[in-house]
Amino acid sequence: MTRQTVKITAGLLLLIATSSCVHLKEYQKSRLNDSEMALTNRKAEKNELNFQSYEEAASGANAGKTGGGCGCN
Amino acid sequence: MKKRYLSVLGFALLCRVTAFAQTRPDTGVFAKHPVSLYSPVDHDTSRSTGYSPRALHIDEIDLVSSYYTQTGDHSPVTGGIGTQQVTDFSNGLNLNLVWNNWANNKNTLSLGLGYDHHSSASAGYVALNGGSKTGGTRLYPSVDWTVENAKTGNTFGIGAYYSGEYNYKSKELDVHWSFKTADKNGEFGIKLQAYLDKVTMILPSELVHPPATSQPGTTIITTASGNVEILSASGQVLSNTKSSLPTSDRNTFTAALSYTQQVSERLQFSILGDAVYQNGYLGLPFHRVYFIGQDTAVVEKLPSSRFKLPIGARMNYFLGDNIILRAYYRYYMDNWGIRSNTASLEIPYKITPFFSVSPFYRYYDQTAARYFAPYQAHSPTDQFYTSNYEYSNFRSDFYGIGFRVAPPKGVFGWQNLHDLEIRYGHYAQTTDLVSDVISLNLGFK
């Protein structure tokens, strides 16, 4: 992934973060409250994240493990 | 007169809507009443005082099982060459207990227990002749208590975790907070974690110093569990002892920050950032390295500290009525010279409101750590050295599909089983490591 892609992604994220957000009432959150919309890992993803953290050097910023467990081979 | 009869009949029917509402019968003393025009007289005087604690009850039980299989030919146990074949069967049970206290704050106690059994072909080569034990188990219980303020929605919690396997013990403690913004559309989160780990110093058999009593010409075999077997030149077992192996510390301290924002009725995102500091023994003692032109191995050597800085973002968007876009990006850097990008996209498609199919793709790349070199590529003058391909330059692709069923009347009509999810993924690195994983999640209420 090129530096330009990283910059574009970062710019998009910044744009979203600084954009004015609509004040939402609870009754307007039916879609946001859908279980598929949760901003978390799926429960079934837990072991995928584990093996990725063992086989890849990068970890973190995904609510996964940053240490502990597995003296893997 | 006819109109009056019809009005009375209509009102009576409305009052009986409750009988057909999709609510489970709740026999709890403080059970919520279904929405209805009919409101029964409340004979419980304790409720009229405004004090309405919710008794301790099981909110949810989750069972996650996975089967993982892997092949490859760059095992660090054999110096960056040799089989990486692994199979792993893991099971995790999580129990959530919920109650409200005197101030009506919601308390959640999560109890977890995980059990993995794995078989790793390369573990056999801790002994030079491949005779070490290849199987192993890991047990990992966890506990977390979180309290949520009824008025503000802010939370505070503490947790603990333990993981134990034959060569690695880990203890973790954490404390976490979350704070909602004034309009409750945003939330800040912070989590502080400390892992205090012990690495058992299991060396490759050929690097174990011979016992003082051993005779010349004998062969020494160590196993992952710490057995030391001495064989005569003819292959006869002279002694078999289980020695107490020393351990080394490895500590990990993490500060994880997050911010979540609901942007519109269809869009929400979160920004995540961790600062991770590790110190202690950061390699593994049975990972071999072969220097240029040498057939004798040494143990990998890595710095005794590492600082990691991953920064990520998630963005979920509800497109139309059936499609959801779940996007994730992470940039990672550390002081060992590794830079990495991770990007993933999952697109759940709701075939019905209660059944969805979710194809996904994850891209990953990383640059090599400055301490990595392949088999027989390190110089003896290097200060630090490893041939673990986890620290090499590579990219990986991970793709697959998930199916999720969560009908209101329960999966297969079983009311207690409210959620079933199956997920399969295929993973391939440019190092030739390939793996497959299939997971099943069952959610019980």
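View 1. B:Asn104 counts as partly exposed because it has 14 C-beta neighbours inside 10 Å. Here, a residue is buried if 20 or more other C-beta atoms lie within 10 Å of its own, exposed if 12 or fewer, and partly exposed in between, with C-beta atoms placed from the backbone. This is a predicted model, in which local features need pLDDT of at least 70 and side-chain atom pairs count only at pLDDT 80 or more, while totals for chains, interfaces and linings use all residues. Residues are numbered from 1 along each chain as its sequence is written, and chains are lettered from A and ligands numbered from 1 in the order in which they are written. You will find B:Asn104 in the loop between strand 2 (86-100) and strand 3 of chain B. Its phi is positive, about 70°, although B:Asn104 is not a glycine.

**View 2. Another loop residue with a positive phi.** B:Phe412 lies in the loop between strand 20 (394-405) and strand 21 (417-429) of chain B. Not being a glycine, B:Phe412 still has a positive phi of about 55°. It is exposed, since 9 other C-beta atoms lie within 10 Å.

**View 3. Neighbouring strands of chain B.** Chain B has one helix and 22 strands; these are DSSP runs numbered from the N terminus, helices being H or I with at least four residues and strands E with at least two. Strand 3 (residues 106-120) and strand 4 (residues 135-148) run antiparallel, joined by 14 bridges, and two strands pair if DSSP finds at least two bridges between them. Look for B:Gly114, whose bridge partner in strand 4 is B:Tyr140. Nine bridges then link strand 4 to strand 5 (residues 155-165), again antiparallel, with B:Trp145 opposite B:Ile158 in strand 5. In the hairpin of strands 4 and 5, six residues lie between the strands, and B:Gly153 takes a positive phi near 80°.

**View 4. A buried glutamine.** B:Gln278 belongs to strand 12 (residues 267-280) of chain B. With 21 other C-beta atoms within 10 Å, B:Gln278 is buried. B:Asn251 is 27 residues away in sequence, yet the two C-alpha atoms are 5.5 Å apart.

**View 5. Two nonpolar cores.** A nonpolar core is a set of buried Ala, Val, Leu, Ile, Met, Phe, Trp, Tyr and Cys residues joined through C-beta atoms within 7 Å. The largest has 15 residues, and those with the most contacts inside it include A:Ala57, B:Ile338 and B:Phe372. Strand 13 (288-290) and strand 16 (323-334) of chain B each supply at least two residues of this core. Apart from it lies another core, of 10 residues, among them B:Val77 and B:Phe286.

**View 6. Where chain A meets chain B.** The contact takes 42 residues from chain A and 81 residues from chain B, where residues are in contact if their C-beta atoms, placed from the backbone, lie within 7 Å. The side of chain B that touches chain A has 32 nonpolar, 33 polar and 16 charged residues. Helix 2 (residues 46-55) of chain A is largely enclosed by the rest of the structure, because eight of its 10 residues are buried; A:Phe51 and A:Gln52 are among them. The buried residues of this helix pack against strand 1 (57-71), strand 2, strand 21 and strand 22 (434-444) of chain B. As for the class names, Ala, Val, Leu, Ile, Met, Phe, Trp, Tyr, Cys and Pro count as nonpolar, Asp, Glu, Lys and Arg as charged, and the others, Gly among them, as polar.

Technical notes. Two residues are in contact if their C-beta atoms, placed from the backbone, lie within 7 Å.
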